[in-house]
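Here is a short report on a predicted model.

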Amino acid sequence: MTAPVLEVDGLSKQFTVNSGLVSRLFGNTQEVTAVRDVSFEVGRGETLALVGESGAGKSTVGNIITRVHEPSSGTVRYRGEDLHSLTGEELMEYRQSVQMVFQDPYSSLDPRYKVGSTVAEPLKIHTELSKDERQERVAELLETVNLDPAFANRFPHELSGGQLQRVSIATALSVDPDFIILDEPVSALDVSVQAQILNLLMRLQRERDLSYLFISHDLSVVKHLSDRVAVMYLGEIVERGETAGLFEAPVHPYTEGLLASVPQANPDDHRRGQRLTGEVPSPIDPPSGCPFHPRCDYATDECTEMNPALEDVFAGRDAACHNWEEVGGEAGARPDAVTVAEESPESED
Amino acid sequence: MSSEPRLSLQDLEVTYTTKHDEVTAVDGVSVDIQSDEIFGVVGESGCGKSTLANTILRLLDDNGEITGGEIRYNGRDLAEMSEKGLSRTVRGREISMVFQDPNTSLDPVYTIGQQLTETIRQHLDVSKQEARERAVQSLDDVGIPSPADRLDDYPHQFSGGMRQRVVIAIALSCNPSLLIADEPTTGLDVSIQAQILDLLKDINENRDTSVVLITHDLGVVAEICDRVGVMYAGNLVEVSPVGVIYNDPKHPYTQDLLKSIPETHDIKEELTVIKGSPPDLRSPPSGCRYHPRCSKVCSEACETGEMPRVYHEGESSVRCYIYDAAENPEYEATTNGTDEQSGEQSQQTKRGEQ
Amino acid sequence: MTTQTQKTTERNESQLRQFAANFIENKLAVVGLFLIVCVALVTVFASQIAPYSPTAQNYNAVLEGPSMAHPFGTDDLGRDIFSRVLFGYQTVMTITTSGVVVAFILGTVTGLTAGYRGGRIDQLLMRSVDVLMAFPSLILALALIAALGPSKWGVALVLGIAYTPIFARVARSEAVSLREEQFIKSLEVRGASQPRIMFRHILPNAVGPLIVTVTLQFAFGILTTATLSFLGVGVQPPDPSLGRMLTDGKDYLDTAWWFSVFPGIAIMIPVIGFNTIGDGLRDTFDPKQVNR
């Protein structure tokens, strides 16, 4: 892999809950760990998918990268620069270079602005283009996302969900970013429209060598679009690796269960493997040891006491599980694994 | 198939009247729901699938109206029944419904026990004590651990998945013979979705309850349905057994839809897309409503004729001119599903139009 | 280019027309609008319409009943009540308009800032607003007048301060919900400045509820102005004031009903007008009615 564009290292984020006046006066606050010690890299032209169920912390990671939230600890480096040391000019450059596309196309555009103005807004903020130049650029951008440039004069409520999502993408592209965070970009769309948007995203990536951080809970879309996948559970990355290999032979019990839970659009190919039982525990009071152990069929005493660290289990695959070798039954599916040395106990928090 | 269908929709038509327009959201839908089957209704947003679900129990918004057809259930036409009779004997008793959002389906100010017993006592002549026992049984049936203790809990004390189980428990508390589930797993996490789907399947297998499952997710349908109806722009364009839908879909829309999902492609391969977007039902296209997006337009009738009638093709019913020998010269009746008579009929219709 | 702009204006117009069409369907609001237009015209053209000077006394015509010469009759000093009502409108409308404008500006800026910034700034601003809110606006007005001394502009300022909390609350609640909208979030991510987001994006989207508040506050403002005058702490003579005419007239209720009844009706008309318009606008702005 080429030098990573984005490096996330040891990222953690705690939120304070119950911050009413009274509880604050008495110092009676609760901390919720939304993200715990998350690290990953995204290379140029690469798509990394963050997957997980609600409460996994994947959106919080996205929000930290876009500086909506400040991390409690850990660093985010973009092209080698620590994101949280950026100020003024540099920060504006970063905001230009890193763009975001959101889930809900209906609420991601200001309903009172015409599509053209919305697409031109980043140009107004980041460039010195004249009004005519901006209009020209807007027309080009709309064509890039396969929309008629005449759409510039329409209001968002006149557009369908798919068209709105195209406008969102055009807005993100307006300032020639290198990196786009896609937060569930197709989950609000119908199947037939979803395919159009996925094709568009793939084409843009090829043409512009874009890097994507793809946040999603839809595993079939993730499988299709991403090069590498990081699976999150209760704020931690539990498994990370190349997409095809990970979907073929997951080594973390959670990944295995998650994949087994996905309904397959093929009645002859029903889900295999161990499905997930129970529900995601509350992040306010997470389980001891490995956060997944109460739902895990492979759990041993060790798991209730010690949270396994994310480690290289074999080439190109990391997993945080004491018993990963047991997962998936036959070990033939994966390359000869180097037996991992004893898990180094890692102090969390 | 010899037994009487549990629910039979005949030529059902539902129209919404807004200030400026009339929208026919469900147009000429005919289908039989057999006893003991899970029947899936799939389609994209705005295709009328939720309207169809709401129509069966006549839960339409004020501006919606059944403008034609019948809803035959147990020898009665629900479309003609009085509102009072419907509430007393059918809704919640014989046919019950589960909605998408479990958070708004439960009243936050009552315990789930109160909500369960309310439904039970409304429909069954039982004492408070019996109702409570029944409630516990219902919760147990849907897999809520230690149900007797949880009866006095409020909805907010349950997680999203558990809440949906409670909603299903309420729906099942009077042993309905038909359960309509409108997107019951949308918005739930996949692991919870799998559990709820298993539950629905379990209910269908272990009780005398048919299930109508409304969903946009082709995976969900493949998972638990026996037969599937595909809706497009208010029309039920195909009804087939689930195996046929996925292995040998009959209607071009079904074919195109399946081709557009990532599962049928290699990783990073360009997806096959359906051109355009679903039509605005305020001014639906002429002819077959799918023809502007169809890759298999086969005759002039597709563009200018009526919406095609239902053709029987093997175990499937399809509304597409491809299966009309008169309109599609290339059509060869591979199965003897289409008989002489139907060909004649359609010719007559055609002549009638001209 | 030109065709593009043309199309744009057309579309804007058609949106406006749609809005107007929805508004017109509310018959009561249309009546209200008609009343307000009448009051506005009368206010602007008071000096042209009024047959007499509002301060001209005529001792030959003291407490005369309505007649062709004096449609609303005359008061205890022989002044033409019709003319005084017209000029009274001018006074009350000037005061109310200034007051509501002040409150709108102060309140909206406070509310938008509090709602959008959140956190400590929100706490600080809204607690101050709560303090103002804790006093009934009339009592607050009386206290402020006592401090400022009674005058026309004093009353306007008092109204401005007293109504600021209402605008602040409306603006804040809109800002709080809009802040969570993805388009606001995406603007932040794209590096738009805070004032830009607040005044170019949040304000236009909050304008509906704010306009409704403006019309309703107009109704209250007219009432409060009249009340203050009635209590003798508002507009000072010789400026004609509807509230003061009520006070003066109440002593003659059994002999000269017109003295207080006509000013009373005069106060009622714009109050009813603004209230019905406010309700009508609220219904029209209601997102449930927006066609999608």
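Which residue is the bridge partner of Leu179(B) in E8(B)? The partner is Val211(B).

## Basis

This is a predicted model, in which local features need pLDDT of at least 70 and side-chain atom pairs count only at pLDDT 80 or more, while totals for chains, interfaces and linings use all residues. Residues are numbered from 1 along each chain as its sequence is written, and chains are lettered from A and ligands numbered from 1 in the order in which they are written.

Helices (H or I, at least four residues) and strands (E, at least two) are DSSP runs, numbered from the N terminus. Two strands pair if DSSP finds at least two bridges between them.

## Strand E7 of chain B

Strand E7 covers residues 178-182 of chain B. Five of its five residues are buried (20 or more other C-beta atoms within 10 Å of the residue's own; exposed means 12 or fewer, partly exposed in between; C-beta atoms are placed from the backbone). In a regular strand, side chains alternate between the two faces of the sheet. Leu178(B), Ile180(B) and Asp182(B) lie on one side of E7(B), Leu179(B) and Ala181(B) on the other, and both faces are covered.

E7(B) runs parallel to strand E6 (residues 95-98) of chain B, with four bridges. Ser96(B) has Leu179(B) as its bridge partner in E7(B). E7(B) also runs parallel to strand E8 (residues 210-215), joined by five bridges. From E7(B) the chain passes through H8(B) to E8(B), a right-handed β-α-β crossover (with the strands pointing away from the viewer, the path from the first strand over the helix to the second runs clockwise).

## Helix H2 of chain C

H2(C) spans residues 27-44.

Ala29(C), Gly32(C), Val42(C) and Thr43(C) are the buried residues of H2(C). They fall within an arc of 145 degrees seen down the axis, so they line one face (the arc is that of the directions from the helix axis to the C-beta atoms). Lys27(C), Val37(C) and Leu41(C) are exposed on the face turned away from the buried side.

Chain A has 11 helices and 12 strands. Of its 349 residues, 49% count as buried.

The contact takes 32 residues from chain A and 33 residues from chain B (C-beta atoms, placed from the backbone, within 7 Å). On the chain B side, helices H8 (190-206), H9 (218-224) and H10 (242-247) each give two or more residues.

Technical notes:
Contact = placed C-beta atoms within 7 Å. Expected span 1.5 Å × (residues − 1).
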